[in-house]
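This report describes how parts of one protein chain pack together. The sequence and the structure come first.

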Amino acid sequence: SFTGADRNKRGLFEEASGGTLFLDEISETTPALQVKLLRALQEGEIRRVGDNHPVKVSGRLVAATNKGLASLVKEGKFRDDLFYRLKVFPIEIPPLRQRTEDILPLAEHFLRKAKKKIGGKAARFSPQAAEAVKAYAWPGNVRELEHAVERMMLIATGTSIMPDDLPPEIQESSPPASQKPAAATLENLE
């Protein structure tokens with residue numbers, strides 16, 4: 001018995017049947033869930049919780065991860081049969097630090113998004129701030145970039161994001177000598 005057991009409820013595979021199901025962070029699935037995913041992919045059917053009859057499903061599965069599944073297979077942390085079942089058409093997207101030409105367009109997109117969400121005056125990056133944003137390594141990738149831009153929008157007081165509006169780690173990563181931020185006094189931080 002479980003909550004909602006008084007009626008049939010369609011699961012994700014059933015809802016996506018005939019379409020596309022996106023599974024994010026597939027590398028984080030438990031071994032038990034990996035078995036169920038493999039069975040659903042191989043047999044084209046699922047069983048609802050508490051049901052004895054299989055339900056046919058078909059569609060496309062797109063899975064994403066920020067970890068190398070091949071290395072997880074070698075370590076015994078991900079099923080090799082599921083890995084090869086998923087590896088029909090792998091697309092590897094390099095991290096931002098390897099595709100610097102994408103950083104500023106993404107940052108500008110996130111700036112427009114933050115302006116709608118938060119408000120604020122800033123509508124562009126100053127040339128110095130843009131250079132600093134492009135020069136930063138972005139170890140947290142796109143998520144870090146998005147949240148950093150939101151922070152910039154919260155701090156910015158003018159119509160452009162200025163170097164002083166950047167998070168400290170970006171300011172410290174590669175500011176030109178002539179653009180080094182002032183000493184971190186309480187007044188400057190405020």
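In this predicted model, the axes of helix α5 (residues 103-118) and helix α7 (residues 141-155) come within 9 Å and cross at roughly 50°. Angles from 65 to 115 degrees count as roughly perpendicular and those under 35 degrees as roughly parallel, so α5 and α7 are oblique to each other. The crossing of α5 past α7 is right-handed.

| Helix | Residues in the contact |
|---|---|
| α5 | Ile103, Leu106, Ala107, Phe110, Leu111, Lys113, Ala114, Lys115, Lys117 and Ile118 |
| α7 | Val142, Leu145, Glu146, Val149, Glu150, Met153 and Leu154 |

By class, this contact of α5 with α7 has 12 nonpolar and five charged residues, and no polar ones.

Helix α7 can also be checked for length. With 15 residues at 1.5 Å a residue, α7 should span 21 Å, and this agrees with its end C-alpha atoms, which are 21 Å apart.

Which residues of α7 are buried? They are Glu144, Leu145, Glu146, Ala148, Val149, Glu150, Met152 and Met153. Besides α5, the buried residues of α7 pack against β5 (124-125), α6 (127-135), β6 (160-161) and α8 (168-173).

Elsewhere in the chain, Gln34 lies in helix α2 (residues 31-43). Is Gln34 buried or exposed? Its relative accessibility is 2%; buried means under 20%, so Gln34 counts as buried. Leaving aside residues up to four places away in sequence, Gln34 touches Thr29, Lys77, Phe78, Arg79 and Leu82.

Terms used:
Residues are numbered from 1 along each chain as its sequence is written. This is a predicted model: local features need pLDDT of at least 70, side-chain atom pairs count only at pLDDT 80 or more; totals for chains, interfaces and linings use all residues. Side-chain values use heavy atoms; hydrogens and water are left out. Helices (H or I, at least four residues) and strands (E, at least two) are DSSP runs, numbered from the N terminus. Buried means under 20% relative accessible area, exposed over 50%, partly exposed in between (1.4 Å probe, protein chains only). Contact means heavy atoms within 4.5 Å. Axes are lines fitted to C-alpha atoms, for helices over the stretch in contact, and angles run from 0 to 180 degrees between N-to-C directions. Angles under 35 degrees count as roughly parallel, over 145 as roughly antiparallel, 65 to 115 as roughly perpendicular and the rest as oblique. A crossing is left-handed if the near helix is turned anticlockwise from the far one by less than a right angle, and right-handed if clockwise. Ala, Val, Leu, Ile, Met, Phe, Trp, Tyr, Cys and Pro count as nonpolar, Asp, Glu, Lys and Arg as charged, and the others, Gly among them, as polar. The expected span of a helix is 1.5 Å times one less than its number of residues.
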